[in-house]
Each structure stands twice: as structure tokens, then as C-alpha cells.
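Colleague: I would like to go through this model feature by feature. Please give the general idea each time, and then the case at hand.

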Amino acid sequence: MTNHPAGGDDSRDAISRPAPTPELRSLPGRARPRKEVLRKVEEANAELRERLPSALWPLMVTEAEQYYRWRVQLDCGCVDEVLTLGEERLPSERQWRGPEHEWLQKGQMVCVHDDAPPAPYRDIAEWGERREVTFPADPVEPDDGMDPQTWAVLRHDEPHTSAFWKVTLACGHITDTIAPDLGWKPEDGPRLCSVKRVAEMTKEWEEYWASNPTEQSPREREHMRRMLSQRWPTPEPECRCYTCCFVHWIVAYQRVGWLVPRKAAPKRRQSPKPPSRAALQRRLQQAEAEAERLRSQLADLDQ
Ligand SMILES: [Zn+2]
Ligand SMILES: [Zn+2]
């Protein structure tokens with residue numbers, strides 16, 4: 001899309017880390033009380049049934065009896081609890097959703113940490129929904145830390161409306177970006193500054209960076225340079241992704257059991273279906289991988 005792909009050389013974000021092979025093991029801590037989890041599922045289902053016509057219930061409502069419980073450990077060390085449909089598919093073999101309900105990569109989950117790496121810039125890959133937001137007039141007094149002259153320039157003295165667009169970034173995550181004005185559409189392309197103005201801005205910024213070498217992080221500086229080289233486009237063709245920096249891989253999992261214990265399950269299915277050949281093969285592979293891991297641990301001990 002651009003000559004200078006936005007991005008991140010920060011190897012700390014999960015997109016740049018290779019997917020681990022999760023292992024089955026006992027995890028620290030304990031599972032949540034089953035009744036509590038069951039109550040939450042039943043409340044969510046009751047809410048769905050209220051919102052949806054009953055014809056859609058079989059498609060949209062997952063009965064508590066279908067859920068299997070797992071505990072998972074992420075590569076940040078945190079342990080979380082998840083539900084899957086049935087007991088065959090591992091939590092690391094399915095896709096979980098991100099903060100904007102977007103699908104994450106298989107085996108990834110979001111876990112927010114205060115000391116997460118800075119949000120990387122990602123190119124905008126797709127423009128989605130537009131919405132308008134009206135803001136009240138700004139207060140006369142500037143926020144703490146801003147000088148009154150700058151505030152006088154930035155301040156809106158009347159209520160104003162801005163258009164926001166949902167965008168999908170190159171990493172697949174979703175964020176919001178602001179349009180230059182209410183009439184702007186993605187097919188218009190970004191508004192650009194004149195070549196003369198960009199040359200002046202580039203000179204001013206380079207001088208500023210030369211005399212304030214530690215003022216801005218290299219990441220921000222690289223972003224500004226990319227924008228200057230593209231004639232300071234608005235909207236910018238890249239946005240910071242606040243999901244990438246919170247995404248983590250599942251590294252281990254532990255079975256907890258059915259949300260509704262099997263013997264207590266309603267007698268809907270008279271004869272439970274035997275597991276399929278593919279399911280049995282998958283379980284065998286998992287067991288063999290686990291045995292292999294234990295053997296290599298033993299070998300390490302013997303050495
Ligand atoms: Zn975490
Ligand atoms: Zn992202």
C-alpha cells in the first residue's frame with residue numbers, strides 16, 4: 001500500500017513472536033467455581049433469547065451442556081479460563097476474539113498489561129463503518145501541562161461533530177480513525193499538504209530532532225518521517241494498533257471438565273455418538289506429543 005510499510009520492529013509484540021507449541025500440564029491456581037461459570041453462561045443465554053427471535057435460538061444460543069472448560073496459560077504468564085464447544089478441540093486450536101470482536105490468530109488471546117510494549121503502527125488495510133460523534137465546546141482553561149497559547153489555537157469554542165471510521169489494519173485488528181472532515185470518504189484518498197509546506201515542515205522537524213535528540217521515541221520519529229515523505233496525509237494511512245501490544249500466545253492448557261457434568265446432563269441424546277476417527281487420531285497425536293515431551297525431559301534429567 002505504501003513504500004514504507006508501517007510497522008514494528010518491536011519483537012516483543014506477539015505478531016512478531018513465533019507461535020509456540022502449547023503443552024498439556026497442570027497450571028498454577030485453581031479453576032473458578034463451576035456454578036459461578038454456569039450461572040454466567042445461563043445469564044448470557046437468557047439475554048440472547050430475549051433479544052433474538054426463537055427461530056434463531058438453535059443457531060445463536062449455545063446450551064451450557066455443550067461447553068467444555070479449560071484453563072489456559074498465556075506467554076505473559078497469566079492463567080485464564082475459557083470454554084470450547086465440546087472437549088476435542090484444544091483452546092489453542094481455535095480462534096478467539098479481540099477487543100473489537102475481530103478474530104485473532106489461532107492460539108492467541110488478549111491480556112492487558114500496564115508494561116506492554118508500545119502500540120506499533122500498522123497500515124490501514126480496509127475501511128469499515130462510519131459514525132459521527134458530537135463533542136461539547138472545550139473548556140476555556142487548558143488541561144494541566146498545556147500552555148495557554150497552544151490551547152487557544154487547538155480549542156473548539158463551540159460544540160463540534162467529527163466523523164470516525166472503523167478500520168481493519170494490516171495485522172487484522174480493528175481500530176478507529178478520524179476523518180479530515182464530515183464529507184470525506186475513503187475513495188477520496190487522503191488530503192495532502194503542498195510540496196512547499198511539507199518541505200518547510202520537514203526542515204523544522206529535522207532541526208527539532210537534531211536539537212532534542214531524546215524528545216521523541218525512534219518509533220514516533222520514524223512514523224513522522226513516513227508521514228512527511230507522503231506529504232503529511234490526513235487521514236494517516238497507518239494507525240497505532242492497541243491490540244497487537246496486548247496479544248499473547250497460549251503456551252499451556254489444562255482440562256477442567258464439562259460445564260454441566262455428563263451424568264447430570266439432560267437425556268437429550270439417548271446414545272452418545274462415539275468420537276470420530278479424526279478426533280481419536282488428534283487425541284492420539286496430542287498424547288504422543290505429550291509423551292515425547294516427558295521423554296525428553298527425562299533424558300535431560302539423566303544427562
Ligand atoms: Zn497477562
Ligand atoms: Zn494489531
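Modeller: Start with the zinc ion (ligand 2): the angles among its four donor atoms run from 103 to 117 degrees, and its site is tetrahedral. Four donors count as tetrahedral if all angles lie between 85 and 135 degrees. Ideal angles for four tetrahedral donors at a metal are 109.5 degrees.

Colleague: Before we go on, what kind of model is this, and how are things numbered?

Modeller: This is a predicted model, in which local features need pLDDT of at least 70, side-chain atom pairs count only at pLDDT 80 or more, and totals for chains, interfaces and linings use all residues. Residues are numbered from 1 along each chain as its sequence is written, chains are lettered from A and ligands numbered from 1 in the order in which they are written, and side-chain values use heavy atoms, with hydrogens and water left out.

Colleague: Which protein donors hold the zinc ion (ligand 2)?

Modeller: Donors are N, O and S atoms within 2.8 Å of the metal (3.2 Å for Na, K and Ca); water is not among the atoms, so sites may look incomplete. Here the protein donors are Cys171 (SG), His173 (ND1), Cys241 (SG) and Cys244 (SG), at 2.1 to 2.3 Å from the zinc ion (ligand 2). Their spacing in sequence is C-x1-H-x67-C-x2-C. Histidine 173 is in the loop between β6 and β7, and cysteine 244 is in the loop between β8 (238–240) and β9, so this pair ties together parts 71 residues apart in sequence. Strands (E, at least two residues) and helices (H or I, at least four) are DSSP runs, numbered from the N terminus.

Colleague: Are histidine 173 and cysteine 244 buried or exposed?

Modeller: Buried means under 20% relative accessible area, exposed over 50%, and partly exposed in between (1.4 Å probe, protein chains only). Histidine 173 and cysteine 244 are both buried.

Colleague: Which residues make up the largest nonpolar core?

Modeller: A nonpolar core is a set of buried Ala, Val, Leu, Ile, Met, Phe, Trp, Tyr and Cys residues joined through side-chain atoms within 4.5 Å. The largest one has eleven residues: Tyr68, Trp70, Val72, Leu74, Val82, Leu90, Trp96, Met109, Cys111, Ile250 and Tyr253. At least two of its residues come from each of β2 (67–74) and β9 (247–258), and β2 gives the largest share, four residues. Leucine 90 touches Trp70, Tyr253, Arg255 and Gln286 (heavy atoms within 4.5 Å), leaving aside residues up to four places away in sequence.

Colleague: How should I read a pair of aromatic rings?

Modeller: A pair of aromatic rings is described by the distance of the centres and the angle of the planes. Rings of Phe, Tyr and Trp (its six-membered ring) pair if their centres lie within 6.5 Å; planes under 30 degrees apart count as stacked, over 60 as edge-to-face and the rest as tilted. The count by this rule is nine aromatic pairs. Tryptophan 165 and tryptophan 184 have ring centres 6.0 Å apart and planes at 90 degrees, so that pair is edge-to-face. Tryptophan 165 lies in strand β6 (residues 160–169) and tryptophan 184 in the loop between β7 (174–178) and α4 (195–211), 19 residues apart. Both are buried. One aromatic cluster is formed by Tyr68, Trp70, Tyr253 and Trp258.

Colleague: Where does the charged end of arginine 94 sit?

Modeller: A charge sits over a ring if NZ of Lys or CZ of Arg is within 6 Å of the ring centre and within 35 degrees of the ring normal. The charged end of arginine 94 sits over the ring of tryptophan 96, 3.8 Å from its centre.

Key: Four donors count as tetrahedral if all angles lie between 85 and 135 degrees; four count as square planar and six as octahedral if opposite donors are over 155 degrees apart and all others between 65 and 115; anything else is irregular.
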